[in-house]
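Hi everyone, thanks for coming. Please have a look at the sequence and the model on the screen, and then I'll walk you through a few spots.

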Amino acid sequence: MGLGLSLSLLAPALWALLLLSASEETVPRVSLHYGSSERPVWWFEKDGVTNYTTLLLSPDGATLYVGAREFLFALDTSHFQPGPQHQLLPWSADKERKKQCAFKGKDPQRDCHNYIKILLQLNSTHLYACGTGAFSPVCTYLNVQNFSQARELLEDGKGRCPFDPEYKSTAIMVDGELYAGTVSDFQGKEPTIYRSQESRISLKTENSLHWLHDPAFVGSAYLRESLPPGNSEGDDDKVYFFFSETGKEFDFFENTIVSRIARVCKGDLGGERVLQRRWTTFLKAQLLCSRPDDGFPFNVLQDMFVLTPDEQRWRDTVFYGVFTSQWNKGGPGSSAVCAFAMRDVQKAFGGLYKEVNRETQQWYTDTSRPPEPRPGACITSRTRHMKINSSLQMPDRVLNFIKDHFLMDGAIRSQPLLLQGRVHYQQICVQRVRGLHHTYDVLFLGTDDGRLHKAVSVNQKVHIIEEIRLFHAGHPVHKLLLDQSQGLLYAASYSAVAQVPVSNCSLYRSCGECVLSRDPYCAWSGDACRSVAQYHLQLSLHPRPWAQDIEDADTERLCQAANVSLPIPPLLQSPVSDQLEMLPAGNP
Ligand SMILES: *[C@@H]1O[C@H](CO)[C@@H](O)[C@H](O)[C@H]1NC(C)=O
């Protein structure tokens, strides 16, 4: 079924034809040019500095840490344009490393520099940073206070940061431990998901068992599935990895790419005899984003945004992914946005396993009963009840089972919420926004030609409401980062970092324009298009009616009525009881 069936019915060449005939096109309502005064965008750039690839926001949002080629920056987010308010820290690969890099046959111009790939908050006083170090990865600790290197000594970055600057890797810091998805060798042949840091034994994937096949990592996320405290399941927190790789289970076509979600448990300590210093909880499943009418698969995951509106209610998590297709090379770029529900992810990881024959590398569905406790699951109340309190106490037969049952049988499916025939999306960020009447997911999508699309998700469909050119056409949006509290979006590319407010309601000059914009951040009130946040924060003291309609935009009716009726600011209602309802159940 699914990709298997679709692929066996149609050869890849046919997919290419189908794709070229596809005329999906969603035209943005508002399109703004480079440097348009209507929509303020600030750019940070510095002569001679290129490849802005890593973005990290300080917890208070006042500083944006940026990693580029041979440079780190601490940018003042309140005055974003170039100036003396920013701090700069050169971090280049030393001469010896550069010499070695060139000597080993790498391109001195392209490869033999320190490209900063990892920039993460370690604790309140330090950041952790890694760079490719001229094909010899290195890591360091940075002092937040004075933005300087905290130790003279560099750490070996092998297994954390890739050697090759073009390689797609991911890393996330969870309670002072680094989880990384990367390659751990010079040739780029040894993919690994690795957990390291001083406190516990390090763990990684087992290479000889081929748990990963040429993965291109696009992201990782930490979900606190142990919450709420004291619940009866007693599950563990998990770290998820998102990537595309060669789908060895589809062996009837060479090099079929599939997208994956993989997970490990935070409490994993590896096995005692079997799987020593290896993950005992590594499981992966297929993410399948395909067109509903013909099953055309968008099989290459480009980026994933994990939307968890409330940490306690992690079960409501939505995984928003942007996908492209392997079968449209040379044709117009096309892409799709899919959203996967947490319950479907859990269903896949709790369902049947696939089994690999280690000799032939052939895959089968294993319909037999798996051993107990369930292989690859975290330690839960149930396992503890069986007197198994850590992975070190897992029975050998459970761990041996995992060695060839690390791929789930069921795929996690979604139909595209948005299909684009001529746009190649590379990056996605999502904010759940409280509109005037309802809550909406607003998507920010970065393209491979320097544009930003802002879109709103309504009834399982996505409408593009704005297009802003952030960079020149040859410059892809490499990274997007959302500052939800300040309402700012950051985008990084080859030669600059851009800062753009999530909305600019004053752009819409009449009630008609404002309502038709379908922008959940904006609503018409009295004489202007204003930020809905003002309504919710009760900043406007006049009981002016407000007008917004994201769903069908019956502008005329609304704008006529805007003079007389419609919602009264919450000041005159009972805001206290409204807010109490917003609190998650069981909060003290
Ligand atoms: C660095 O930037 C150049 C363009 O200035 C681009 O061609 C190259 O692919 C970039 N490399 C990485 C690793 O982003």
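Predicted model: local features only at pLDDT ≥ 70, side-chain atom pairs only at ≥ 80, totals over all residues.

Residues are numbered from 1 along each chain as its sequence is written, and side-chain values use heavy atoms, with hydrogens and water left out.

Okay, E70. You'll find E70 in the loop between strand 4 (63–67) and strand 5 (71–76). Its phi is near 65°, a positive value in a residue other than glycine. Most residues other than glycine have a negative phi. Is E70 buried or exposed? E70 is buried, at 11% relative accessible area; buried means under 20%, exposed over 50%, and partly exposed in between, with a 1.4 Å probe and protein chains only.

N51 has a positive phi too, near 55°, and sits in the loop between strand 2 (42–44) and strand 3 (54–57). Now, which residues surround the ligand? They are N51, P165, E166, H478 and Y494, each with a heavy atom within 4 Å of it. A polar side-chain atom of N51 is 2.6 Å from a ligand oxygen, and for E166 a side-chain N or O atom is 3.2 Å from an oxygen of the ligand. On its own the ligand exposes 360 Å², and the protein buries 67% of that; those areas come from the Shrake-Rupley method with a 1.4 Å probe.

Next, D185, in the loop between strand 13 (177–183) and strand 14 (191–196). D185 is buried but has no salt bridge, meaning a Lys or Arg side-chain nitrogen within 4 Å of a carboxyl oxygen of Asp or Glu. The nearest side chain of opposite charge, K189, is 7.2 Å away. What D185 does have is a polar side-chain atom 2.9 Å from the backbone nitrogen of E190.

Last stop, peptide bonds. Most of them are trans. Here, though, a cis bond joins L227 and P228, with omega about -5°, and P228 is in the loop between strand 16 (216–223) and strand 17 (238–246). Another cis bond joins E372 and P373, with omega about -10°; P373 lies between strand 24 (363–366) and helix 5 (381–385), in the loop.

Note on methods. Helix = DSSP H or I, 4+ residues; strand = E, 2+ residues; numbered from the N terminus. Lys, Arg positive; Asp, Glu negative; His and termini not counted. Polar contact = N/O pair within 3.5 Å; in protein donor to acceptor, adjacent residues only side chain to side chain.
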